[in-house]
Amino acid sequence: MDTNSEVGLIIDKFKREVLREKYYLQEEGGRRYKLVNGRLIGQKNDYSTYSFEMEAELNLPDDAPITLTVGKEVVKGVVFLCEGFQIIVSITKNFGNAIGQAFVGVEPWALLEGIVDQLETITTADKLVIKLLQEGPELATKKPISMVPKGQDAAVEMAIDNDITVIWGPPGTGKTYTMAQIAIHSLLNRERVLVVSHSNISVDGIVKQTASLIRDLQGDKLLKMGAILRYGYVRDEELAKDNDVVAYNYAVENNQTLKNEYEKLRKKRDHQVLSGKYNTAEGVKVEQELKDIRKKIREEEKLYVKNALMVATTISKVTMDKLFEDNKYSVVMFDEVSMAYMPQILIAAKHAYSRLVLVGDFRQLAPIVQSNVKETLGKDVFSYLGIEDDRSMHAHPWLVMLNEQRRMYPDISAFANEYVYNDLLADHESVVEKRIEIVEKPPFKDEPINLIDLAGTYCACMKNNDNSRFNIVSAIISFLLALEAERHNTKSVGIITPYAAQTRLVRAMIQDYRESQETDISCATVHQFQGSERDVIIFDAVESYPSTKVGFLLGKSFNAVTRLINVAVTRARGKLVVVANAKYWNKRFGKSDHVLYKLIEYLQKKGNVVSSNERRLQDCLSRLPETKQIQNYMDAVYAMDDLCTDIAKARKQIVISIPDGELDIETEANIFDALIDAKMNGIKILCKSKDIDSLPDNWKKISVPSDNAVFPLILIDDKVMWYGLPKSKGTFRDGTSESYVVCQTIYRISGSHTIELIKAFSDLELQVYDGSRTAIQNAKSIKNTTSTDGVNVVYVEDEAGMADYVHNKLRCAKCGSPMNLTRSRSGKCFLKCSSKGCGETALLDKDVANAYLNKNNVKCSKCNCMLQAGVSKYGLYVKCSNGHFFKPDEV
């Protein structure tokens, strides 16, 4: 391609942008990421599929290559799904039903390098690429989008007659069915078809629909000939069993000798496993023979795919697999193009010599770009063609709309129609009859659209160390609502949140629940839910006080937020429940066009509102199901006996977080006395408060000030957590206004995964104050104090800890102020001047640490051995003779 031509200059610009994204990712590093809680979710064709949670947020395309390290073993695989903090991978080895910990190795820029390589092969012979780049923007109009042709018949006709067709398909309008119709028309005319998409789910759906329609028309004859083949990793369980259309299965079934030999070796391997001979030279030999046969099957598979009339796979596969290098097709169809980079659209167009069909919805999620080229690389093909800008939609000669939806109950689709689709979306006449059964079931019988308004509860919201937001109360309520729906025989229930941290929290609750009971409830971010649908969708908006601003995802551009909320709402078939603090949203976006505010306003006008008015919220929460891991107490008085029992059973440590110091007179004394009893029994008491000045005097003596005491929490031995206690006035301050708790949300949580996550997300054991982060010190005992029953009690003064020792002993070399022992966000301890205007830092000397340890005869809390400080390349540490390590500020 002549780089001086108009098209050449455009392609060259795209190459530079892709390379800038690549360089950004390389700077981030092709490092290994830790994975936890792996579980086997599928086994097919000697590929094992595992789902993991990640400790760092990551976005990788489907079919991206990875390595997985389990112990000392490293295996290759590919990404099935990767969004936020969840990854599903398919690997070449079965490690059993569960993998506690693993490491995934990725080079996310490899695909970007492949895109650049593909762009460099574009020539003047690629007529559809040139037309798309040159004529597409020139044909842009300012005509209203209502003028475009509409309906499935119009879409199929345009795709048959025109060399480039753009099909706009809002949710539930039959994109998959329409694409299948176009594919069948081409197949019956002996035209070769390539179908691509970003996700395996989308590809699977199109293949299933096309195969089903072909079977209805002609039976299995065409499929038995290998005319339609799904190439790559299949996510759909039903499709994965189809031996006619899954390319690998087809290769196995049509090579009987290889199949027989393969089955024979598999039986031999299974026998070796049972007899204990697998980990021998003989076992290695069998595995190598199996590997050789799989390689032969893969080679046969590629031959069948090369000759198939229709091939369906991901755009990543087309970009990276050499099979497609010189392979052209009469028709190329690309689904979910709103999520594709323009260069990926060009790669698809390069493989078409007759017609290009682009299918998607520019009111759903846009391409994910992480570098500073979002303004260009982050724009989809609809924006490139001038069909959509930030707030306007325009007609285009290539555009046709699918305008009749068959997914959502009309009350749900009405919101999307009014606020997203300019009243162009129509409901098919069958949709009420199809969804009324879902509407009639609990929760909220006969109500298709619902708002759970959490105003009046202590539904605090906080950021974790990844700057992702979470809200404990809304997570619990969303999870219990989903359980209620499922227990009334609703087939599929999904919880959607905008933030990965909230998704992880709800999934932890699901994981705890699954330890004793079964559930099919799914929870994911909006990005993970695109392309899916559920009978009931619960959208947890997360945002609330004391945050003064909404997070990035819900506070960015109008267009981006509209896409996000539209995807969330339109996943629901029959019932939508939004869990949100309406007062918080009204305060920030009242009378604006912010689409989430508009959704809340819409539900308040036309839906079922459950709020603290007339105690509807209290009644609703009291009726929600309890689990073994989450018990609900609607009043603090009723919770006292169980809380005090839990405190009395403490063996090591109790951590208390108090956001509001105006404690409830009826209950605080009982809690305080129980804590002092525990203290007298040798239990470590760590208490922090964001409002220490308002605390009763006795609480002040055991508390430290901390800006991160956002939630009312009591954690006992990392085994039991209470939310909502100690009970307080529950004041949220918002500028000049205040709001108070009128609906108590007190929960006893005993699920280990949930507790672990809340503790980590909230930095529960850390004090954050005056810019310093340090471990909360054990509360000093109180001398000559009168207890609540009037008895005079004398306690022995405790050593306050290394942090206090450092503060009292060490002075800043620059200004002479006391030094504080603090901790960085990465967890490293260092010294920082206590004077705000100074900022001097230093390292803690091991001799100082050992002086404190020896003076106070400090012993290991785990094994009672003596402690000693030392220095490694990672900094100063404290260690006992049995190998237990501690941070200096934990001692």
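## Strand β7 and its partners

Strands β7 and β13 run parallel and are joined by three bridges; strands are DSSP runs marked E of at least two residues, helices are runs marked H or I of at least four residues, and both are numbered from the N terminus. Two strands are said to pair if DSSP finds at least two bridges between them.

Buried means under 20% relative accessible area, exposed means over 50%, and partly exposed lies in between, with a 1.4 Å probe and protein chains only. In a regular strand, side chains alternate between the two faces of the sheet. In β7, Ile164, Val166 and Trp168 point one way, while Thr165 and Ile167 point the other way.

## Basis of the description

The model is predicted: local features need pLDDT of at least 70, side-chain atom pairs count only at pLDDT 80 or more, and totals for chains, interfaces and linings use all residues. Residues are numbered from 1 along each chain as its sequence is written, and side-chain values use heavy atoms, with hydrogens and water left out.

## The seven-stranded sheet

Strand β7 belongs to an open sheet of seven strands with parallel pairing, in the order β9-β10-β8-β11-β12-β7-β13. The edges are formed by β9 (228-230) and β13 (399-401); each has a single partner strand, so one side of each is left without a neighbour in the sheet. From one strand to the next, the twist averages 20 degrees.

Within this sheet, β8 (residues 193-197) pairs with β11 (residues 329-335) in the parallel sense over five bridges. Valine 193 has valine 331 of β11 as its bridge partner. Helix α6 (residues 200-218) lies across β8, β9, β10 (310-314) and β11, at about 160 degrees to β10. Contact means heavy atoms within 4.5 Å. Axes are lines fitted to C-alpha atoms, for helices over the stretch in contact, and angles run from 0 to 180 degrees between N-to-C directions.

## Salt bridges

Side chains of opposite charge can pair when their charged atoms come close. A salt bridge is a side-chain nitrogen of Lys or Arg within 4 Å of a carboxyl oxygen of Asp or Glu, and the count by this rule is 37. One of these joins aspartate 244 to lysine 224, with the closest N and O atoms 3.3 Å apart. Aspartate 244 lies in the loop between α8 (237-240) and α9 (247-253) and lysine 224 in helix α7 (residues 221-224), so the pair ties together parts that are 20 residues apart in sequence. Aspartate 244 is buried, at 10% relative accessibility. Both residues take part in a network of salt bridges linking Arg215, Asp220, Lys224, Asp242 and Asp244.

Another salt bridge connects glutamate 533 and arginine 573 (2.8 Å, N to O). This pair links distant parts of the chain, 40 residues apart: glutamate 533 is in the loop between α20 (526-529) and β21 (534-540), and arginine 573 is in strand β22 (residues 572-580). Glutamate 533 is partly exposed at 26% relative accessibility, whereas arginine 573 is buried, with a relative accessible area of 18%.
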